[in-house]
Amino acid sequence: MTIPLPFHETLDLSLCGSMGRVFRLCRDAVTLAVEPLGLTQSRWTAMIHIDHLQQGVTQQALATSLGIEMPSLTRTVKQLEQQAIIVRRVDEQDKRSRKIYFTEQGLQLLEALRGIMAEVKTQLYAGLSTAQLDTMAYGLVQMEENARRCLTLLSQEK
């Protein structure tokens with residue numbers, strides 16, 4: 001008698017691979033939806049992270065939140081600044097650091113971005129109950145914690 005595999009083991013890719021594929025598809029859907037706003041994937045993503053971290057976030061904290069290196073972020077920040085979406089100001093506590101703030105125009109664009117993202121999210125979550133979405137969210141939070149712990153252990157072994 002064979003024991004049937006759990007559903008997550010029957011996916012074409014590993015569960016983590018499937019999550020990556022779904023993430024890319026969702027990100028691409030948002031990118032396509034916000035294209036009329038003149039925002040690329042890197043720009044709208046940076047805007048959402050600035051909003052989440054709150055205005056006055058340092059470029060370094062933003063880079064950490066995005067999971068990218070400072071040189072990669074610098075180009076995007078300069079583009080947002082050239083579009084008059086953000087301004088950078090020297091941190092009064094640390095003159096080497098710059099803090100990021102939305103301009104009035106940037107705040108208006110952020111509102112439009114939030115609206116479009118809410119519409120896309122409704123489409124992406126179609127057919128899923130609140131309980132299903134919550135279960136996925138709890139699972140993702142736990143997997144993230146596990147991944148961080150795994151990375152810490154593996155890096156200590158080197």
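In this predicted model, the largest pocket has a lining of 46 residues, and those nearest its centre are Met19, Val22, Phe23, Cys26 and Leu140. The space in this pocket comes to about 2,200 Å³. By residue class, the lining of the largest pocket consists of 27 nonpolar, 13 polar and six charged residues.

Which helices supply the lining of the largest pocket? At least two residues each come from α1 (15–34), α2 (41–53), α3 (59–66), α4 (70–82), α5 (104–124) and α6. The largest share belongs to α6, with 11 residues.

Helix α6 spans residues 130–157, and methionine 136 is placed in it. The relative accessible area of methionine 136 is 42%, so this residue is partly exposed, because partly exposed covers the range between under 20% (buried) and over 50% (exposed). Methionine 136 also belongs to a nonpolar surface patch, which it makes together with Leu124, Tyr125 and Leu128. The area of this patch is about 340 Å². A residue needs over 30% relative accessible area to be part of a patch, and methionine 136 has 42%.

Glutamate 157 is another residue of helix α6. Is glutamate 157 buried or exposed? Its relative accessible area is 64%, so glutamate 157 is exposed. Between the C-alpha atoms of glutamate 157 and glutamine 142 there are 23 Å, and the two residues are 15 apart along the chain.

The backbone comes next. Most residues other than glycine have a negative phi. Glutamine 54 is not a glycine, yet its phi is positive, at about 85°. Glutamine 54 sits in the loop that runs between α2 and β1 (57–58). With a relative accessibility of 57%, glutamine 54 counts as exposed, because the cut-off for exposed is over 50%.

Alanine 84 is not a glycine either, and has a positive phi of about 60°. Where is alanine 84 found? The loop between α4 and β2 (86–90) holds this residue. Alanine 84 has a relative accessible area of 33%, so it is partly exposed.

To look back over the model, start at the pocket centre with Met19, Val22, Phe23, Cys26 and Leu140, and move to α6, the source of 11 lining residues.

Key. Residues are numbered from 1 along each chain as its sequence is written. This is a predicted model: local features need pLDDT of at least 70, side-chain atom pairs count only at pLDDT 80 or more; totals for chains, interfaces and linings use all residues. Side-chain values use heavy atoms; hydrogens and water are left out. Patches are made of residues with over 30% relative accessible area and no salt bridge: like charges are joined within 9 Å, nonpolar side chains (Val, Leu, Ile, Met, Phe, Trp, Tyr) within 5 Å. Accessible areas come from the Shrake-Rupley method with a 1.4 Å probe; for residues, only the protein chains shown count as cover. A salt bridge is a side-chain nitrogen of Lys or Arg within 4 Å of a carboxyl oxygen of Asp or Glu. Helices (H or I, at least four residues) and strands (E, at least two) are DSSP runs, numbered from the N terminus. Buried means under 20% relative accessible area, exposed over 50%, partly exposed in between (1.4 Å probe, protein chains only). On a 1 Å grid over the protein atoms alone, a cavity is a set of points where a 1.4 Å probe fits but cannot get out, and a pocket is an open set with protein on both sides within 12 Å along at least five of seven lines; lining residues have an atom within 4 Å of a point. Grid points are joined across faces, edges and corners, and a volume is the space filled by probe spheres set on the points. Ala, Val, Leu, Ile, Met, Phe, Trp, Tyr, Cys and Pro count as nonpolar, Asp, Glu, Lys and Arg as charged, and the others, Gly among them, as polar.
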